[in-house]
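Hello,

Here is the structure for your files. My notes on the strands and helices follow below it.

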Amino acid sequence: MKKLLTLSLVAFAALTAATAQAQDTKLAIGISGWTGFAPLTLANEAGIFKKHGLDVSIKKIPQKDRHLAIASGDVQCAATTVETWVVWNANGVATTQIFQLDKSYGADGMVVKPGIAKISDLKGKTVAASAPGTAPYFTLAWMLKKNGLSPKDVKVVNLEPQAAANAMIAGTADLDAAMTYEPYLSAVRAKPEAGKIIATTLDYPVVMDTFGCTPKFLTENPKAAKALADSYFEAVEMIKTNPAKSYEIMGADVKQTGEAFGKSAAFLRWQDKAANQKFFAGEHAAFSKEAADLLMEAGIIKALPDMSKLADTRFIQ
């Protein structure tokens, strides 16, 4: 009888665990190795997502391909820059932002060869940047416009941020400038003889990242959407209370030591719930409108999407 009772308790425990596991909402998230997205990795590795009833798989997908992964159903949610959501929606990939991840404070920048003194000197020169529709390309267009130029005034060679930074460090002969971001920007900081950082988001506060999902996912999984936001805020809090451990976990994901990761993180600000509520109260809509105008001007989008459907702030309340 005692043995039977023990077996029954074991079976019941296994069934309870299986039921709890079955209740976890499964989803895939598309991100890159950008430092600003790292709290999502932390939430996954530290068990925060799991604690909130989420079974998350994180997929590293270049920004230029992330919308394709969403459109195909390979991922349901993604992290990217605010203006990129405008591009995706304008091109028929319906997505809705639900919380802000970070703001860049010098974590994105333009690197130039030693002979380039100012951005306007780049007219007729060759610049490495990701493809149109990505944050590095948009940042390039923004910086050029503020200096009386446009992407048409330079020759753009499409290289992803890490490759662009490596090309500058290697001294690639036909490259005059490159757009990159942390942690790769710090690799250039460490090699001043290869080039100099002529401008960053401290000079041009243009890079801010948000997290979003498909409208279908949000409609079918509102509790999971809330859990995603809550998990992110908990990860940001963990970074504040236990930075050493957090930096080790996040750094390992991009093959950095905790110390090196912490240094690259100093060039951005992760946004907590209070910062999120303030951002979506007005700044998000204002920036999205200005960004959309530049995207139209640069020919990256042909028409504006429904700007009123770009964000859903229910999940940060």
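Six strands form an open sheet with mixed pairing, in the order β2-β1-β3-β10-β4-β11. Two strands pair if DSSP finds at least two bridges between them; strands (E, at least two residues) and helices (H or I, at least four) are DSSP runs, numbered from the N terminus. The edges are β2 (54-60) and β11 (268-270), each of which pairs on one side only. On average, neighbouring strands of the sheet are turned by 25° against each other, direction ignored.

This is a predicted model, in which local features need pLDDT of at least 70 and side-chain atom pairs count only at pLDDT 80 or more, while totals for chains, interfaces and linings use all residues. Residues are numbered from 1 along each chain as its sequence is written, and side-chain values use heavy atoms, with hydrogens and water left out.

Within the sheet, β4 (residues 96-104) and β10 (residues 208-213) pair in the antiparallel sense over six bridges. Phenylalanine 99 has phenylalanine 211 in β10 as its bridge partner.

Helix α2 (residues 38-45) packs on the sheet and touches β1 (25-31), β2, β3 (77-81), β4, β10 and β11, where contact means heavy atoms within 4.5 Å. The direction of α2 makes about 135° with that of β2. Axes are lines fitted to C-alpha atoms, for helices over the stretch in contact, and angles run from 0 to 180 degrees between N-to-C directions.

Elsewhere, the axes of α11 (residues 243-253) and α12 (residues 258-265) come within 8 Å and cross at roughly 95°. The two helices are therefore roughly perpendicular (65 to 115 degrees). Tyr247, Glu248, Met250 and Gly251 of α11 meet Gly258, Phe261, Gly262 and Ala265 of α12.

Regards

Terms used: Parallel < 35°, antiparallel > 145°, perpendicular 65-115°, else oblique.
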